[in-house]
Every structure is written in structure tokens, then in C-alpha cells.
Amino acid sequence: MISNHYGLRPEREGLHLVLQLRANINVRIDPEFKSEVENLYSKFGMSVTDAINIFLHVSLMEGGLPFDVRQPRYNAETEAAMKEARAIAKGEIPAKRYSSAKKMIDDVLAEDSVNA
């Protein structure tokens, strides 16, 4: 039987191609993320394994990652807000609390007028 380096081999009986699995790749991901990805790809009629195989084949055809890898760039204000949010999430600085939505909106608007 003839096979190419992608592991595809022609089947005489059914006139279709069968993928020969030759190796396993183990990936550790968050279970919730896995569920979301499975749900996404099932809408295309494929499994996560199918999607990973497509990604790897396209990577070979492209000679690398099939998309640009870039560091996200944010302006200074956004960077500061993200740093503050991380510190709040870690409990390093206390989060502001408000007794009503109006008080929160008034505080935000007051901060905006000071920073403008």
C-alpha cells in the first residue's frame, strides 16, 4: 500500500482516504476551555483532534505557524487598568464598593473629569 508522509493511504474498496494514526500528542488544557472548543468544532462536524490535525497540516504547508504571533499592544491607560485589575484580583489592593449604581457612576464620571 502507498502512503504519503501525512499518513493518508488510498483504500481500493471504498475510493476514500483513511488517516493512519502514527503518534499521540497529549495536551493539558482547562476542562471548561476543552468543552467550549469541542462545542465550537462540533458545529463544523469535526472533533478537536480533527482541528489539531488541520492546524498541523497547514503549519507544514505554510512553513510555520499559519498566523502572525504578536505581543498585544495597549496604550498606557489600558496597561494601567489591567495592572490595577490584576492587583485587585490578587487582593493586593482593595476593590471599590458602592451602595448604589448612581454612586458608582458619579465616581467614575468624577474620575473622568479629573483625568480629562
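Is Lys 96 buried or exposed, and what is its relative accessibility? Select it: at 54% relative accessibility, Lys 96 counts as exposed (over 50% relative accessible area is exposed, under 20% buried, in between partly exposed, with a 1.4 Å probe and protein chains only).

Before moving on, note that this is a predicted model, where local features need pLDDT of at least 70, side-chain atom pairs count only at pLDDT 80 or more, and totals for chains, interfaces and linings use all residues. Residues are numbered from 1 along each chain as its sequence is written, and side-chain values use heavy atoms, with hydrogens and water left out.

Lys 96 sits in the loop between α3 (76–89) and α4 (101–115) and Asp 107 in helix α4, so the pair ties together parts 11 residues apart in sequence. Show Glu 111 too: salt bridges with shared partners join Lys 96, Asp 107 and Glu 111 into one network.

Next, jump to helix α1 and pick Lys 34 and Glu 38, 4 residues apart, about one turn of the helix. Their salt bridge has its closest N and O atoms 2.8 Å apart. Glu 38 is partly exposed at 36%, and so is Lys 34 at 40%.

Then try Asp 68 and Arg 70, whose side chains meet in a salt bridge (3.1 Å, N to O); both are exposed.

Last stop: just after α2, select Gly 63, with a positive phi of about 80 degrees (helices are DSSP runs of H or I, at least four residues, numbered from the N terminus).

Definitions and conventions
Helices (H or I, at least four residues) and strands (E, at least two) are DSSP runs, numbered from the N terminus. A salt bridge is a side-chain nitrogen of Lys or Arg within 4 Å of a carboxyl oxygen of Asp or Glu.
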